[in-house]
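Welcome! Please take a moment with the sequence and the 3D view below, and then we will walk through a few places together.

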Amino acid sequence: MQTNNGETKKILIVGGGTAGWMAANLFAKKLINKGFEISLLESSDIPTVGVGEGSTPYIKRFFDALDIEESEWMSACCATYKGGITFADWSTIPGHTSYFHPFLSSVDGECFNVFRQVTTLRHHGYEVNAHPNDYFLQTELVKQKRLPLSLDKQKSDTIYAYHFDASKLGEYLKKHAASLGVKHIVDSVTQVKLAPSGDISHVETKKNGLVEADIFVDCTGFSALLIQKTLGVPFTIFKDNLYNDAAVAIPSAPKSQYSPQTVATAMSNGWRWDIPLTTRNGNGYVYSSDFQSADDAEAELRRSLGDSILTDASARHIKMRVGRTTKHWHKNCVAIGLSQGFIEPLEATALHIVQLSIEQFIEQYEKGDYSPKYQGFYNDGVNLVFEHIRDYIVLHYLTNSRQNSNYWLACRNDIKISDSLQAIMEVWCQGGDLDAELKRQQITQYYSSMSWHVLLSGVGVFPSGAAKQLQKHAAADDALKQIRQQLKEHARFFPINEGIFNQAVV
Ligand SMILES: Cc1cc2nc3c(=O)[nH]c(=O)nc-3n(C[C@H](O)[C@H](O)[C@H](O)COP(=O)(O)OP(=O)(O)OC[C@H]3O[C@@H](n4cnc5c(N)ncnc54)[C@H](O)[C@@H]3O)c2cc1C
């Protein structure tokens with residue numbers, strides 16, 4: 001991307017939450033040396049959302065792009081490693097009340113082949129162990145409280161993600177952005193003004209008067225001040241697909257030896273996250289306000305945390321706007337973060353979408369400058385990311401077998417599902433070829449075949465005829481024995497987490 005006629009082009013990011021600071025850093029790293037000026041304007045009166053402590057492995061690429069070492073940012077942000085997510089109590093099917101959704105490892109190709117064959121056998125009525133917890137290296141590492149940091153990458157390796165303190169990450173990224181040359185303005189936007197072309201011409205602020213730019217990045221969180229309130233881009237809500245619209249978060253005491261995973265436990269009207277940080281444990285209950293009041297949700301979360309709640313900890317209540325904007329890039333404005341949409345935090349995908357949106361924006365802009373064709377590619381691409389991640393998250397609710405509340409019954413029976421998800425469920429429930437269906441839909445770049453198999457088998461959803469005449473299958477039992485042995489051997493290449501404070505040292 002080059003600026004026209006060597007002139008400086010100004011990018012103004014409005015909002016200093018995690019999305020704003022991630023954007024500031026990546027734009028600065030990639031564009032300042034190409035003649036761009038990057039500024040970030042944030043209000044000291046409007047707080048950030050203050051949550052968002054889990055991630056996907058994709059975020060590693062963000063820190064790598066900025067040449068930031070783990071040992072540096074992790075200690076500053078009280079971060080821990082994450083090898084995947086345990087889903088507890090989403091299913092009541094015996095043997096399937098909990099399962100682990102692992103991030104990939106170098107031995108998973110072989111292990112997944114066996115697991116896939118075993119699920120097919122299970123579909124055809126064989127009594128085989130089709131629970132994912134026995135087939136993947138990260139699951140073994142989490143069981144043994146080993147960190148996903150290979151001591152011998154040639155022999156065995158894994159990808160992994162992190163948990164971190166959201167406000168500390170914001171502070172860290174703020175300092176880093178300054179070192180890259182980002183201008184920081186602390187002020188509140190009072191009005192956003194349009195030029196006759198319909199582009200944003202400038203914002204009016206409380207203290208600094210008018211601030212002009214060529215490109216405006218809306219990182220104003222759920223308020224979506226630029227993209228929605230000013231430019232009027234319509235918002236598609238996911239309320240028919242996902243019922244949760246509120247959360248309450250309460251920290252608790254840190255665990256002395258953490259297991260490198262997020263735990264997502266089903267509650268009466270939603271689920272709660274359990275995220276280990278070095279200085280505290282992050283907890284939050286994500287629920288539907290149609291089914292439970294904020295007070296009841298807080299009381300239920302407090303009960304489940306018991307004595308571990310820190311004495312000075314107060315509860316933070318958050319309303320969530322679940323859905324996405326129909327266009328993420330419109331006129332000279334691109335929305336990044338909660339302003340562009342939010343699915344819900346079950347698979348911790350929001351910052352993944354933030355990062356992808358920034359990277360794709362730079363790429364498409366570089367290819368086509370302001371041309372509508374490239375804006376169209378960008379918007380279609382980001383919309384697909386939202387839709388397909390949403391579908392995978394909807395599947396957790398759809399396949400629940402909990403009986404104890406109207407909420408869970410509604411999730412199972414009333415939730416609306418996309419044609420894509422409908423087709424996947426039909427193939428699986430008829431014992432068909434799930435891989436072929438995922439390939440036909442070209443959607444494995446959003447969630448891999450392994451993730452779909454793990455979820456469906458993890459909660460114990462198999463074709464209805466599959467349980468009727470269960471027979472043993474000696475070859476599958478032998479293959480499982482071999483996999484268990486192999487995983488134990490591979491696990492030795494990963495260090496045991498001796499305590500919470502030494503985890504970033506290896
Ligand atoms: C309950 C919950 C749990 C979550 N868990 C996860 C998770 O595990 N993993 C994950 O990836 N994501 C998670 N997320 C999402 C994640 O928190 C957000 O994607 C992330 O924090 C980015 O938020 P943001 O920067 O878009 O918005 P915010 O943090 O809300 O920041 C908005 C910024 O805009 C500024 N602003 C607003 N209006 C004005 C104005 N008029 N003038 C100037 N400045 C203004 C504010 O001051 C603030 O700086 C979760 C979200 C929720 C609600």
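## Starting at Lys82

In which strand is the place of Lys82? Lys82 sits in strand β3, which covers residues 80–82. Please keep in mind that this is a predicted model. UniProt, in an unreviewed entry, gives Lys82 the feature "binding site".

Is Lys82 buried or exposed? Lys82 counts as buried, because its relative accessibility is 1% and buried means under 20%. Setting aside residues up to four places away in sequence, Lys82 touches Gly54, Ser55, Phe103, Tyr160, Ala161, Tyr162, His163, Pro260, Thr262 and Ala348.

## Other annotated places

The "binding site" annotation in the unreviewed UniProt entry also covers Gly16, Gly17, Thr18, Ala19, Val189 and Leu338. Let us visit two of them.

Gly16 is found in the loop between β1 (9–14) and α1 (18–31). Its relative accessible area is 12%, so Gly16 is buried. Apart from neighbours within four places in sequence, Gly16 is in contact with Trp21, Leu40, Glu42 and Thr48.

Val189 belongs to strand β9, residues 189–194. Val189 is buried too, with a relative accessible area of 18%. Its contacts, again leaving out neighbours within four places in sequence, are Val14, Leu41, Val203, Glu204, Thr205 and Leu225.

## Around the ligand

How many residues surround the ligand? There are 33, and the closest are Gly16, Ile46, Gly54, Leu338 and Leu351.

A backbone N or O atom of Thr18 lies 3.4 Å from an oxygen atom of the ligand. For Ile46, a backbone N or O atom is 2.6 Å from a ligand oxygen atom. Gly54 has a polar backbone atom 2.7 Å from a nitrogen atom of the ligand. On its own the ligand exposes 1000 Å², and the protein buries 96% of that.

## Who makes up the shell

Which elements give two or more residues to the shell around the ligand? They are α1, β2 (36–42) and α9 (350–368). By residue type, the shell divides into 18 nonpolar, twelve polar and three charged residues.

Key: Residues numbered from 1 in each chain as written. Predicted model: local features only at pLDDT ≥ 70, side-chain atom pairs only at ≥ 80, totals over all residues. Heavy atoms only, no water. UniProt positions renumbered as here; feature names shortened; annotations may be inferred. Helix = DSSP H or I, 4+ residues; strand = E, 2+ residues; numbered from the N terminus. Buried < 20%, exposed > 50% of the residue type's maximum accessible area, 1.4 Å probe, protein only. Contact = heavy atoms within 4.5 Å. Near = heavy atom within 4 Å. Polar contact = N/O pair within 3.5 Å; in protein donor to acceptor, adjacent residues only side chain to side chain. Areas by Shrake-Rupley, 256 points an atom, 1.4 Å probe, with all protein chains shown as cover. Nonpolar A, V, L, I, M, F, W, Y, C, P; charged D, E, K, R; others polar.
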